[in-house]
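Read the following with the sequence and the model side by side.

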Amino acid sequence: MSLTPIVLLLMLLHGWVGWRLAPSLAAWSPPAAVLLWIFLAASLVLMPLAFTGRRRRTGGALATGATWAGLIGMGLFSTLFVLTLLRDAMLVAALLATLAAGLAGAGWVSLEPGMIASAVAVPVLALLATAWGFWNARRTASVVRVDVPIAGLPEALHGFSVAQISDIHVGPTIGHGYLQRIVDRVNALGADMVAITGDLVDGQVDELRAHVAPLARLVSTHGSFFVTGNHEYYSGAHAWISELRALGVQVLLNEHRVLHHEGAAENLPDGVALHRDTEMVVVAGVADFSAHHFDASHRSDPHAAIRGAPAGVRLRLLLAHQPRSALAATGAGFDLQLSGHTHGGQFWPWMYFVRYQQPFTAGLRKLGDLWVYTNSGTGYWGPPKRFGVASEITHLR
């Protein structure tokens, strides 16, 4: 796909922001207006470089620095653009109010002080939001603990726990150290199983093999399970499936595994023999909702994923990258679906728009008899920025 239309659009958007802010900034401080134009020019050059270079980790320090700068600039410009829009909306409202007051004989009020103050506030707020968002994105995700009330759950499965990680996006700005910290935090949970719900990588196996190696050190009672996300298909899904299996991660492509879970006996009186009940758990996984566009044999199918499962299973868990897989999962008899994909919107104000593409944005929701948990992302995509939406490692019980 040609980048020309994207570059032309970026030129228009950058020019519009400069046109709306620079005159008022110049009235306050001419150097501030010059700095704004310098940033906009640099952003216009670096942002396309971040798009074209984001999959390459082998271009040297200069290419790496340009990618970092372009992605940070992308996050800063996004907030700058949105705040400029909001500023214009407030100025229009103020102008209408002033016109109404003047026509009513209350006198005219100059808007110039407000225009200058708001023009200064917009880049200041954008910088603060980007700095805070960068810190939030680069720190190790916090653990979010969630209790899921499954009806009719046998006693042996009470407390069965899943550590879910999703949407890490190992690639241009996320590497071995970042993933190792996530693995260490997951291992500290002592979960019964680990679920990796897609979009693990942004790049080819040959580029990123060493950076995903920490996944081999994940520890849980029943092992680690993975389903593909859309970004795996952008990055060579078949090669990644082989690589993950070599690391000891079980990849589920419209298929399931049966876990025989031994429930813990608690508060036994002295002298009473220890007895543990064993119950089955079905862990199923589907390929990404859009996988059939890349490989027809990977068409996402929750019904196929659970076909042949034992009839007496009392907990049926589905791993599906996109929340919208829940519409098909409800008819397949699952109790709980774990998803990701949305990043919870990642940073303001985009969390308010995810709902128009997915049925659930974040957290625990219910669709009919099916519980759906949507992880807000353990890493980030594109700009290293999380503002208003925290990254998470989910510990579901």
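Asp335 and Arg316 form a salt bridge, with their closest N and O atoms 3.1 Å apart. A salt bridge here is a side-chain nitrogen of Lys or Arg within 4 Å of a carboxyl oxygen of Asp or Glu. This pair links distant parts of the chain: Arg316 belongs to strand 8 (residues 315-319), Asp335 sits in the loop between helix 10 (326-329) and strand 9 (336-339), and 19 residues separate the two. Helices (H or I, at least four residues) and strands (E, at least two) are DSSP runs, numbered from the N terminus. Asp335 counts as buried because its relative accessibility is 12%, while Arg316, at 27%, counts as partly exposed. In these terms, buried means under 20% relative accessible area, exposed means over 50%, and partly exposed lies in between (1.4 Å probe, protein chains only).

The model is a predicted one, in which local features need pLDDT of at least 70 and side-chain atom pairs count only at pLDDT 80 or more, whereas totals for chains, interfaces and linings use all residues. Residues are numbered from 1 along each chain as its sequence is written, and side-chain values use heavy atoms, with hydrogens and water left out.

How many salt bridges does a search of the whole structure find? The search finds eight. One of them joins the side chains of Arg20 and Asp88, at 2.9 Å from N to O. Here too distant parts of the chain are linked, since Arg20 lies in helix 1 (residues 4-28) and Asp88 in helix 3, 68 residues apart. Arg20 is partly exposed, with a relative accessible area of 22%, but Asp88 counts as buried at 15%. Arg20 and Asp88 also belong to a network of salt bridges that includes Arg87.

Asp206 pairs with Arg209, and their closest N and O atoms are 3.7 Å apart. Both residues lie in helix 6, three residues apart, which is about one turn of the helix. Asp206 counts as exposed because its relative accessibility is 68%; Arg209 is partly exposed, at 39%.

The largest nonpolar core has 32 residues, and the members that touch the most others are Ile168, Val170, Val186, Ile196, Leu215 and Leu244. The elements that give two or more residues to this core are strand 2 (162-165), helix 5 (176-187), strand 3 (193-196), helix 6 (205-212) and helix 8 (237-246). Helix 5 supplies the largest share, five residues. A nonpolar core is defined as a set of buried Ala, Val, Leu, Ile, Met, Phe, Trp, Tyr and Cys residues joined through side-chain atoms within 4.5 Å. Which residues is Leu215 in contact with, leaving aside its neighbours within four places in sequence? They are Leu179, Val183, Ile196, Leu200, Leu244, Leu247 and Val249. Contact means heavy atoms within 4.5 Å.

Six strands form an open sheet in the order 1-12-2-3-4-5, with mixed pairing. Strand 1 (142-146) and strand 5 (250-251) stand at the edges with a single partner strand each, so one side of each has no neighbour in the sheet. Two strands pair if DSSP finds at least two bridges between them. Strand 4 (residues 224-226) and strand 5 run parallel and are joined by two bridges. Phe225 stands opposite Gln250 in strand 5.

Leu99 is found in helix 3 (residues 60-103), and with a relative accessible area of 36% Leu99 is partly exposed.

Last, the chain as a whole. The protein chain has ten helices and twelve strands. Its C-alpha trace spans about 85 × 55 × 45 Å along the principal axes. Of the 397 residues in the protein chain, 51% are buried. Among contacts with a separation of 6 or more, 76% are between residues 24 or more positions apart.
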